[in-house]
Amino acid sequence: MGIQISPSILSADFARLESEVASIADVADWVHVDVMDNHFVPNLTLGLPVVEALHKVSALPLDCHLMIEDPDRWAPAYAEAGARSVTFHVEAADAPIRLARELRRAGARAGMALKPATPIDSLVDVLPEIDMVLLMTVEPGFGGQPFLDVVLPKIARTRQLLRDSGSSVWLQVDGGISASTIERAAEAGADVFVAGSAVFNADDPAAVVSHLRAAAETAAVRD
Ligand code: DX5
Ligand code: ZN
């Protein structure tokens, strides 16, 4: 698939979501939707009704990142609501394999997310069951935090693990991705990049998406 960019609407204007998504529709691959429940993370954002509404108006596929407790119970509904990709946190899931299978059965790609300090051991045996790994490069909960360089070795180890197992699972990074950090993440082996504040706090969000993609492509080739 190569490099993909998934702008996060967490930093968009929530009163104008349709036009915010439209502003990046020609240049982005996905739109990243951060669902937070104020339990798994100390912040509250949006849920199913907003995802359903976005699905109706978005030209881009929805990449839902669920930062919620009990994803075993709630995640499948996001796939049924039209999200093309649904990512749950391994720290929160009781039965990740069963959940990933349910998501795929509902027609979505299944993603599994790890907080910065969660080791990748839990990934090794579930790779055939998932479509994407999301490595958080900030502690989940808020946009605009600085990129955690300490996660770079984990990105590289995950890329190596995917190579060794001949896996085509995508490796997404989320948190603090900007023009000044995307190259490091791409060199380490990430191929799907979430960017919130860097895109939606800019005067020209589409130009930022194009710039991020070019920077990641150059860095990935260099690697
Ligand atoms: C944070 C969210 C991110 C957030 C990233 O918990 O998962 O998707 O929007 O925002 P930036 O790119 O500003 O770090
Ligand atoms: Zn996210």
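I looked up the lining of the largest pocket by class: 11 nonpolar, 12 polar and 2 charged residues. (Ala, Val, Leu, Ile, Met, Phe, Trp, Tyr, Cys and Pro count as nonpolar, Asp, Glu, Lys and Arg as charged, the others, Gly among them, as polar.) I note that this is a predicted model, where local features need pLDDT of at least 70, side-chain atom pairs count only at pLDDT 80 or more, and totals for chains, interfaces and linings use all residues. Residues are numbered from 1 along each chain as written, chains are lettered from A and ligands numbered from 1 in the order written, and side-chain values use heavy atoms, without hydrogens and water.

I found 25 residues lining this pocket, with G143, G144, D174, G175 and G176 nearest its centre. (A pocket is an open set of points on a 1 Å grid over the protein atoms alone, where a 1.4 Å probe fits, with protein on both sides within 12 Å along at least five of seven lines; lining residues have an atom within 4 Å of a point.)

Next I checked the zinc ion (ligand 2). Its protein donors are H32 (NE2), D34 (OD), H65 (ND1) and D174 (OD), at 2.0 to 2.3 Å. (Donors are N, O and S atoms within 2.8 Å of the metal, or 3.2 Å for Na, K and Ca.) I read their sequence spacing as H-x1-D-x30-H-x108-D. Both H32 and D34 are buried (under 20% relative accessible area, 1.4 Å probe, protein chains only).

Last, I looked up W30 and W170. W30 has 7% relative accessibility and counts as buried; W170, at 11%, also counts as buried.

Methods
Buried < 20%, exposed > 50% of the residue type's maximum accessible area, 1.4 Å probe, protein only.
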